[in-house]
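The sequence and the structure are shown below.

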Amino acid sequence: MYTEPTFAERLRRCPAAARPFHELVGAAGRAAGGPHRDHLDRIARALAQAPELWRPIARHDPVARWYAHLLHTDALEVWLIGWEIGQDIQLHDHGRSSGAVAVCDGVLDEQHTRLDRTGPLRARRHDRTTTFSFGPSYVHDLGNTGPAPATSVHVYAPPLTHMNFYEHTGAGVRPIRSVPVTGPDPGVPRRVTGDLVAP
Ligand SMILES: [Fe+2]
């Protein structure tokens, strides 16, 4: 019977590609005061640049964004997200967590602001050359406007406890709802409670 490959299996089967990832995750875990944004950025980039680790796992679901929870430690967590054309996520923050995102494949469009910023959302486009990081006050929306499916790696520290969703009023952002992030469930990708969304 065919079973989908797991990230742990990919790490075991590809030791040369896994070594830099393990070393960076270890260094982030030992950092005084917790991982810095630079740590998250390097982990996201290292994983995105090792397609043998993520490509056999990645999926793209035309019905809803696909995602897998790859790693969870006391210090950080790592997600892999597959975006079909047209899929996006509402404006959100990441609770008290900082994060980093690396695009592995395709292109993602982002609109972003900060909790304390007034005025219009800012826009930028990310491709395979892009890694970006952010702190807890960062609010953004990511989406795939095409022309091909996209895949991205997301690293958060400390691990997510909740996400807040917002609407943009023109003058700034207004909170709509807060969603707890539960888990991790052993062997099961984590899901945001009550909703098919992921960071
Ligand atoms: Fe996000």
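## The pair of helices α2 and α3

In this predicted model, helix α2 (residues 15-30) and helix α3 have axes that come within 9 Å of each other and cross at roughly 165 degrees. That angle makes α2 roughly antiparallel to α3, since angles over 145 degrees count as such. The crossing of the two helices is left-handed.

On the α2 side, the contact involves Pro 20, Phe 21, Leu 24, Val 25, Ala 27 and Ala 28. These residues meet His 39, Arg 42, Ile 43, Ala 46 and Leu 47 of α3. By class, the residues of this contact comprise 9 nonpolar, 1 polar and 1 charged.

## Overall architecture

The protein contains 4 helices and 10 strands. Along the sequence these elements follow the pattern α-α-α-α-β-β-β-β-β-β-β-β-β-β. Of the 199 residues in the protein, 34% are buried. Among contacts with a separation of 6 or more, 70% are accounted for by residues 24 or more positions apart.

## The five-stranded sheet

An open sheet of 5 strands is arranged in the order β1-β2-β8-β3-β6, with antiparallel pairing. Strands β1 (66-72) and β6 (131-134) stand at its edges; each has a single partner strand, so one side of each is left without a neighbour in the sheet. On average, neighbouring strands of this sheet are turned by 20 degrees against each other, direction ignored.

Within the sheet, β2 (residues 77-83) and β8 (residues 150-157) run antiparallel and are joined by 7 bridges. Gly 82 stands opposite Thr 151 in β8. Helix α3 (residues 37-48) lies across β2, β3 (98-105), β6 and β8, and runs at about 20 degrees to β3.

## The three-stranded sheet

A further open sheet, of 3 strands, has the order β5-β4-β7 and antiparallel pairing. Its edges are formed by β5 (122-126) and β7, each with a single partner strand, so one side of each is left without a neighbour in the sheet. The twist from one strand to the next averages 25 degrees.

Strand β4 (residues 108-114) pairs with β7 in the antiparallel sense over 6 bridges. Glu 110 has Leu 142 in β7 as its bridge partner.

## Two residues of strand β7

Leu 142 is found in strand β7. Leu 142 counts as buried because 24 other C-beta atoms lie within 10 Å, and 20 or more are required for that class. Leaving aside neighbours within four places in sequence, Leu 142 is in contact with Asp 88, Ile 89, Leu 108 and Glu 110. Leu 142 and Gln 87 are 55 residues apart along the chain, and their C-alpha atoms are separated by 8.7 Å.

Asp 141 also has its place in strand β7 (residues 138-143). With 19 other C-beta atoms within 10 Å, Asp 141 is partly exposed. Not counting residues up to four places away in sequence, Asp 141 touches Asp 88, Ile 89, Gln 90, Leu 91, Glu 110 and Gln 111. One of these, Gln 90, is 51 residues from Asp 141 in sequence and 5.5 Å away in space, C-alpha to C-alpha.

## The hairpin of β9 and β10

Strands β9 (residues 162-168) and β10 (residues 173-180) pair in the antiparallel sense over 7 bridges. In this pairing, His 162 stands opposite Pro 180 in β10. The two strands form a hairpin with 4 residues between them, and Gly 170 in the turn has a positive phi of about 105 degrees.

## Cis peptide bonds

Most residues other than glycine have a negative phi, and most peptide bonds are trans. The bond from Gly 146 to Pro 147 is cis, with omega near 15 degrees. Pro 147 has its place in the loop between β7 and β8.

The peptide bond from Ala 157 to Pro 158 is likewise cis, with omega near -10 degrees. Pro 158 lies in the loop between β8 and β9.

Methods
Residues are numbered from 1 along each chain as its sequence is written. This is a predicted model: local features need pLDDT of at least 70, side-chain atom pairs count only at pLDDT 80 or more; totals for chains, interfaces and linings use all residues. Two strands pair if DSSP finds at least two bridges between them. Axes are lines fitted to C-alpha atoms, for helices over the stretch in contact, and angles run from 0 to 180 degrees between N-to-C directions. Two residues are in contact if their C-beta atoms, placed from the backbone, lie within 7 Å. Angles under 35 degrees count as roughly parallel, over 145 as roughly antiparallel, 65 to 115 as roughly perpendicular and the rest as oblique. A crossing is left-handed if the near helix is turned anticlockwise from the far one by less than a right angle, and right-handed if clockwise. Ala, Val, Leu, Ile, Met, Phe, Trp, Tyr, Cys and Pro count as nonpolar, Asp, Glu, Lys and Arg as charged, and the others, Gly among them, as polar. A residue is buried if 20 or more other C-beta atoms lie within 10 Å of its own, exposed if 12 or fewer, and partly exposed in between; C-beta atoms are placed from the backbone.
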